[in-house]
Amino acid sequence: MKIEIIEKLKEDVRYKEALTACMNCGVCTAICPAAEFYKYDPRTICNIVQSNNVDEIEDLLNSETIWYCGQCMSCKTRCPRGNVPGMLITVLRKISQEMGYFVNSEKGRQQLAIKRTVGENIINAGYCVHPDIVDPDLHPEQGPVWRWFINNIKEVSPKMGAVYHQETAGALRAISKDTLDEIKSIFKVTGGEEFYKKIEHFSSEKAKDFQSNADYDYMIKVYTTDSGDHTR
Amino acid sequence: MQHFDTIIIGGGPAGLEAAARLSKFDKHVLIIEKDPALGGKLLLWDKLFPDFASSEELLHQLIENIKNDNVKVSLNTGIKEIENEGGLWNIIDNHNNKYSAKALLLATGFDVFDASRKEEYGYRIYPNVITSVDLEKILSGEVSHAEPKKVVFIQCVGSRDEKVGNHFCSKNCCICAVKQAIEVKEMYPNSEVYCFYMDLRMFGESYEELYRKAQQDYGITFIRGRVSEVSPTYHGQVQIKAEDTLLSRPIRLTADLVVLMVGMEASEGTVEIGKKLQIGGNYDYFKSKNQHLADNLTYLDGIFVAGTSKRQMSIPETMKDAAAAALEINNYLN
Ligand code: SF4
Ligand code: SF4
């Protein structure tokens, strides 16, 4: 299992691009917006991965840490050694998801919600984000006006220049069946489908710990649980 | 066509020292200097690390040493052509004067890294961001500056940085920052002085001791972390962002004056001649024949190199290298 971590890491082409020789200067952490807010330090992650210490890398896969990165890639712009800590994070996340470590952290368990929202939206609707799938219950940050907007979307859309569910060019248009089929086959061929199954599988295993199965309630529960122990 | 035993291109510390040594061997030497005065980059510094020696006095001594009949100096002079003809090196300068010599010593030195290339540090954007070279002028009293309450030194500007194409360490900036931090503290005893570094490379004689003194006697704070950016504040100060890598914590610091410790690069003249003679090596510095055994020789017969045109050096190292070059040239001429 542990050997597999290192193998998976090294065979990922993004890993080779992301990390060559970190000199622990801290420029990435200094510019990282996530590091300012969360208990998060991209430099340390580079350092741990660079150390090749498999126990520590395994700890990372189990940790909250790797889920704090916002994938903004600001770190890429400044690293004096040409590393990309944000991309290293993407590799660690993928391994954590594939091997099931993600369910061992609060932020990691939320991957289920992302898979079921943005992830499935791509396949089912052809959109990552479309008003139909931004459930007001799941997105309190949208404010009360959002529910009103959803309830009145047919009337409001034309006023905003959108072509809600129409088969023509423009925002919020319907995506044709051909295109959706194509997206599905891309997901199948590239392993995306398999990857989604793994997230469901490990989540339902974990749900047993909470005397539950990985149903909607479980998803909402992991999505909204906040230990309050993530920020600096 | 005037003939010399050796023509030295560059009248900085390396060129001057080599000229003095060669003249003692009774060789006729011409120094060609592009600037209106001798001294090279020595002219940019007020006091020298690690002993706060006066650079003016050093330069004065170096010039005294070449005041003899064997040494001629041509200022304001650039090189137009260098060619080998029958074992002699012929030079045409920008005034169309022609000279020849059996040996040429290239002592064309370094240029200071242009800090505006690291745009994120705001040099030439925010007036309170200056370079170590600018600071020398404040320390010498040549330029005046409002008394700063908080001064931040930023190391490795233009060095050890893939983003500007310089992977190398400029070697002198660490100790120079320690020297300047102490001088700032002496000039403004009430100021707080911080120095952000990645590693402090205190390898030279009494460098480490000076570093300790800076911490112990002058209360200068050293923080391990490379600065990622400098930005303006509403009150006309600047804020620097870094990580304190020993505490694994991002930090911000507001300062009245930020000093960028600019590194060294091959000078324009070095790059140009390197291309002309095809003896350019890494980062366009001259490449010596063998770093261990023949460090003043090049692959061209009769072309010698010395000082910071070859790689980053301190002044004492440059002088020793120039002395060694003079010895090599003397052997070659005899
Ligand atoms: S900026 Fe680059 S070299 Fe510096 S700590 Fe981050 S990854 Fe390492
Ligand atoms: S990509 Fe991630 S690690 Fe890099 S700066 Fe953005 S949030 Fe930080």
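Across all its chains, this structure holds 37 salt bridges, a salt bridge being a side-chain nitrogen of Lys or Arg within 4 Å of a carboxyl oxygen of Asp or Glu. Side chains of opposite charge can pair when their charged atoms come close. Before we look at some of them, keep in mind that this is a predicted model, where local features need pLDDT of at least 70, side-chain atom pairs count only at pLDDT 80 or more, and totals for chains, interfaces and linings use all residues. Residues are numbered from 1 along each chain as its sequence is written, chains are lettered from A and ligands numbered from 1 in the order in which they are written, and side-chain values use heavy atoms, with hydrogens and water left out.

Helices (H or I, at least four residues) and strands (E, at least two) are DSSP runs, numbered from the N terminus. Lys2(A) has a relative accessible area of 33% and is partly exposed, and Asp55(A) is partly exposed with 40%. In these terms, buried means under 20% relative accessible area, exposed over 50%, and partly exposed in between (1.4 Å probe, protein chains only).

Now compare a pair within one helix. Asp209(A) and Lys206(A) meet in a salt bridge at 3.2 Å, N to O. They are three residues apart in helix H14 (residues 192-209) of chain A, so about one helical turn separates them. Asp209(A) is exposed at 52%, whereas Lys206(A), at 16%, counts as buried.

Next, follow a salt bridge between chains: Glu36(A) and Arg252(B) meet at 2.8 Å, N to O. Glu36(A) is partly exposed, at 41%, and Arg252(B) is partly exposed too, at 43%.

Strands of a sheet pair through backbone hydrogen bonds, either parallel or antiparallel. This open sheet has three strands in the order E14-E15-E16, with antiparallel pairing; two strands pair if DSSP finds at least two bridges between them. Strands E14 (229-232) and E16 (249-255) stand at the edges with a single partner each, so one side of each has no neighbour in the sheet. Strand E15 (residues 238-244) pairs with E16(B) over seven bridges, and Lys241(B) stands opposite Arg252(B).
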